[in-house]
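Welcome! Let us look at this chain together and ask what lies behind some of the words used for it.

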Amino acid sequence: MGGNPTIFDVTRYGARADIDISQALSNAWKDACSSPGQSKVLIPRGIFKLKKATLVGPCKAPVMFQLQGTLRAPTEPSGFKDGDGWVSFQRIDGLTVTGGGTFDGQGLAVWGKHCTQTNYCSKLPINIRFDYVTNSLIRDIVSLDSKQFHINVLGGQNITFLRVRVIAPKNSPNTDGIHIGRSVRINITDTTIETGDDCVSLGDGSKQITVTNVTCGPGHGISIGSLGKYQNEQAVEGVVVRNCTIKNTTNGVRIKTWPDSHDGVASNMHFEDIIMQNVGNPVLIDQEYCPWNQCSGKAPSRIKISNVSFKNIRGTSTTAVAVNLACSSGYPCQNVEIADIDLKYNGNQGPIKSQCKNVKPKITGYHNPAPCTAH
């Protein structure tokens with residue numbers, strides 16, 4: 001791609017620091033999107049109030065969204081429906097979001113007020129949504145204090161997240177860092193996520209996902225699932241999580257599926273070269289995932305898990321059961337390998353140990369705790 005892009009600066013469309021810039025941004029986007037050559041929507045340095053932005057393609061040429069300043073959401077969310085994004089990018093090919101700026105969701109005003117721990121806040125907006133976005137790069141941006149999920153990718157293809165920062169306190173509910181669903185070839189690299197829920201969570205239909213050089217914590221760790229709650233979920237396949245550091249989280253790397261679930265498949269999931277610092281449940285397959293007893297635990301999960309590896313995982317655990325592979329009694333896990341695990345437990349709940357259920361893992365390399373035997 002040669003030549004300089006045409007710049008569409010929101011301040012030329014009437015954006016100022018003291019007013020809501022939703023209309024100015026919408027107009028700048030429409031002009032950039034219909035431009036025949038490369039274009040750039042520029043939000044310069046400064047703090048700009050933004051009620052909501054839905055930026056829709058397809059566009060005639062690649063568009064860059066350059067946020068140098070801070071976009072600030074209203075403290076009170078109104079006019080949002082279930083699953084809405086505060087800033088949404090939809091049906092765009094060749095999008096770049098960059099600039100070093102901050103998407104400030106101002107979540108502190110609503111956390112814990114609109115919902116209880118057991119009642120998912122679906123009407124609270126997701127900070128940044130990418131719906132059916134393809135061949136795109138999201139780099140050098142900050143998502144701060146989202147009211148709900150920070151970043152949500154749905155129906156995406158070939159997207160890279162590079163040097164993204166997610167920041168929220170550990171008590172912020174439902175603030176997953178990056179959630180991916182029904183998307184193919186998504187890469188997350190050199191990224192730092194501090195939040196109150198999963199740092200990275202992969203829903204159904206996540207395929208060819210790579211997570212590398214991610215620092216996670218606080219939060220709930222890096223999770224596949226939960227799977228099996230809904231009918232007709234798509235398979236999860238081809239996940240690599242490598243060279244990550246997870247610290248001060250409630251879980252490390254985990255695969256979670258609901259009991260009494262719908263049918264499903266999750267395969268070819270590999271976790272390797274992970275450092276755990278002060279992490280609960282460092283290595284976890286949980287096919288009995290049932291928070292707040294919302295489900296029947298009597299019937300086994302019907303998600304078939306296969307071809308999983310946990311390799312070169314080291315550090316410290318805050319729970320005595322450092323490796324816990326709890327697979328489904330109806331569909332035991334197939335072809336699970338654990339290799340070179342070196343975890344230390346500093347607590348007082350007895351010696352560190354491994355547990356297995358409905359799985360016969362292949363054991364190679366060094367092991368502390370001693371590897372479990374299936375029952």
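**Rings, cores and strands**

In this predicted model, ring pairs link Trp-29, Phe-65, Phe-89, Phe-103, Phe-130 and Phe-161 into a cluster.

Q: How many aromatic pairs does the structure hold?
A: There are seven aromatic pairs in the structure.

Q: What makes Phe-65 and Phe-103 a stacked pair?
A: Their ring centres are 6.3 Å apart, and rings pair if their centres lie within 6.5 Å. The planes are at 20°, and planes under 30 degrees apart count as stacked. Phe-65 belongs to strand 5 (residues 63-67) and Phe-103 to strand 9 (residues 102-104), so the pair links distant parts of the chain, 38 residues apart. Both Phe-65 and Phe-103 are buried.

Q: Why is the pair of Trp-258 and Tyr-289 called edge-to-face?
A: The centres of these two rings are 5.4 Å apart and the planes stand at 75°, so the pair is edge-to-face. The cut-off for that name is an angle over 60 degrees. Trp-258 sits in the loop between strand 22 (253-257) and strand 23 (264-279), while Tyr-289 sits in the loop between strand 24 (283-286) and strand 25 (303-317). They are 31 residues apart, and both Trp-258 and Tyr-289 are buried.

Q: How do you know that the charged end of Arg-91 sits over the ring of Tyr-132?
A: The charged end of Arg-91 is 4.5 Å from the centre of the Tyr-132 ring. The distance limit is 6 Å, and Arg-91 is listed as sitting over that ring.

Q: Which residues have the most contacts inside the largest nonpolar core?
A: They are Phe-65, Phe-89, Phe-130 and Phe-161, in a core of 88 residues.

Q: Why is this core said to lie between domain 1 and domain 2?
A: Domain 1 (1-75 + 84-142) and domain 2 (198-374) both give residues to the core, so the core lies between them. The C-alpha centres of the two domains are 34 Å apart.

Q: Why does Thr-98 count as buried?
A: Thr-98 has 5% relative accessibility, and buried means under 20%, so Thr-98 counts as buried. Thr-98 is part of strand 8 (residues 95-98). Beyond its neighbours within four places in sequence, Thr-98 is in contact with residues including Met-64, Phe-65 and Arg-139.

Q: What makes Thr-195 buried?
A: Its relative accessible area is 0%, and the limit for buried is under 20%. Thr-195 lies in the loop between strand 17 (184-194) and strand 18 (200-202). Among the residues that Thr-195 touches are His-150, Val-166 and Pro-218.

Q: How many bridges join strand 23 to strand 25?
A: Twelve bridges join these parallel strands. Phe-271 stands opposite Phe-310 in strand 25.

Definitions and conventions. Residues are numbered from 1 along each chain as its sequence is written. This is a predicted model: local features need pLDDT of at least 70, side-chain atom pairs count only at pLDDT 80 or more; totals for chains, interfaces and linings use all residues. Side-chain values use heavy atoms; hydrogens and water are left out. Rings of Phe, Tyr and Trp (its six-membered ring) pair if their centres lie within 6.5 Å; planes under 30 degrees apart count as stacked, over 60 as edge-to-face and the rest as tilted. Helices (H or I, at least four residues) and strands (E, at least two) are DSSP runs, numbered from the N terminus. Buried means under 20% relative accessible area, exposed over 50%, partly exposed in between (1.4 Å probe, protein chains only). A charge sits over a ring if NZ of Lys or CZ of Arg is within 6 Å of the ring centre and within 35 degrees of the ring normal. Domain bounds come from an automatic or database domain assignment. A nonpolar core is a set of buried Ala, Val, Leu, Ile, Met, Phe, Trp, Tyr and Cys residues joined through side-chain atoms within 4.5 Å. Contact means heavy atoms within 4.5 Å. Two strands pair if DSSP finds at least two bridges between them.
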